[in-house]
Amino acid sequence: MKFFLDTANVDEIREAAELGLVDGITTNPSLLAKEAAPDREILERICELVPGPVSAEVVATDAEGMVREGRDLAKIASNIVVKCPLIAEGLKAVRILKEDGIRSNVTLCFSVPQALFAAKAGAYIVSPFVGRLDDIGTEGMALIRDIRQVYRNYEFQTQILVASIRNPLHVIEAARIGADIATIPAKVYQALLKHPLTDSGLERFLEDYKKAQKLGAAV
Ligand code: E4P
């Protein structure tokens, strides 16, 4: 499973990218609005830091406008993936962008039929939002299981990106199901790597090593 970071914060991306284990980035207008620099500048910097797919979202709501914006966003770098909303106009835009060789991420997916439409339109990625479904009392991960099964049945190549991740359990379950990508907020990304028993175990090993060194020196 690929790990993407769900952020537009260049410092968070730089820090995580140092590990060499960030496969891509997802941004959206809300994430970009939190940052101080102009959107295009931020996207350029992100594309330099991460060679994998970087999703950048259109804000037009008609297909013509989305295609215009998508073509312009794709000029930023070859790793830009254009994010279009899962509405009829968005799907029209996905088809046209695909003819241009531009990859798209169909975002705001909340149902299996929507995911089928995205795949049939030729989306490179579909983004079901699990956390936002959990928020309204619907099990988000059940949607991922269903989409995985339906895509497998028809051998759709569209990648399933688990979005709106709120905690490590979402990531673990995404991996169990066989989702292609999890896009993870920086805080959750760090939490995934950490385990208190790793930290206390390492501390103990180092203490014992120092003790043995002292004893050895005394003999
Ligand atoms: C995905 O591409 C979105 O940016 C993101 O996962 C939305 O998550 P939220 O529900 O925490 O805003």
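I count a polar contact as a pair of N or O atoms within 3.5 Å; within protein, one must be able to donate a hydrogen and the other to accept it, and residues adjacent in sequence count only if both atoms are side-chain atoms. The model is predicted: local features need pLDDT of at least 70, side-chain atom pairs count only at pLDDT 80 or more, and totals for chains, interfaces and linings use all residues. Residues are numbered from 1 along each chain as its sequence is written, and side-chain values use heavy atoms, without hydrogens and water.

**Ligand.** An N or O atom in the side chain of arginine 132 sits 2.7 Å from a ligand oxygen. Aspartate 6 also places a polar side-chain atom 2.7 Å from an oxygen of the ligand. For arginine 166 I read 2.8 Å, again to a ligand oxygen.

**Aromatic pairs.** I pair rings of Phe, Tyr and Trp (its six-membered ring) with centres within 6.5 Å; planes under 30 degrees apart are stacked, over 60 edge-to-face, the rest tilted. I found 4 aromatic pairs. Phenylalanine 110 and phenylalanine 129 have ring centres 5.7 Å apart and planes at 55°, so I logged the pair as tilted.

Next I checked burial (buried under 20% relative accessible area, exposed over 50%, partly exposed in between; 1.4 Å probe, protein chains only). Phenylalanine 129 is buried at 8%. Phenylalanine 110 is partly exposed at 32%.

Tyrosine 151 and phenylalanine 156 have centres 5.6 Å apart and planes at 65°, so that pair is edge-to-face. Tyrosine 151 is buried at 1%.
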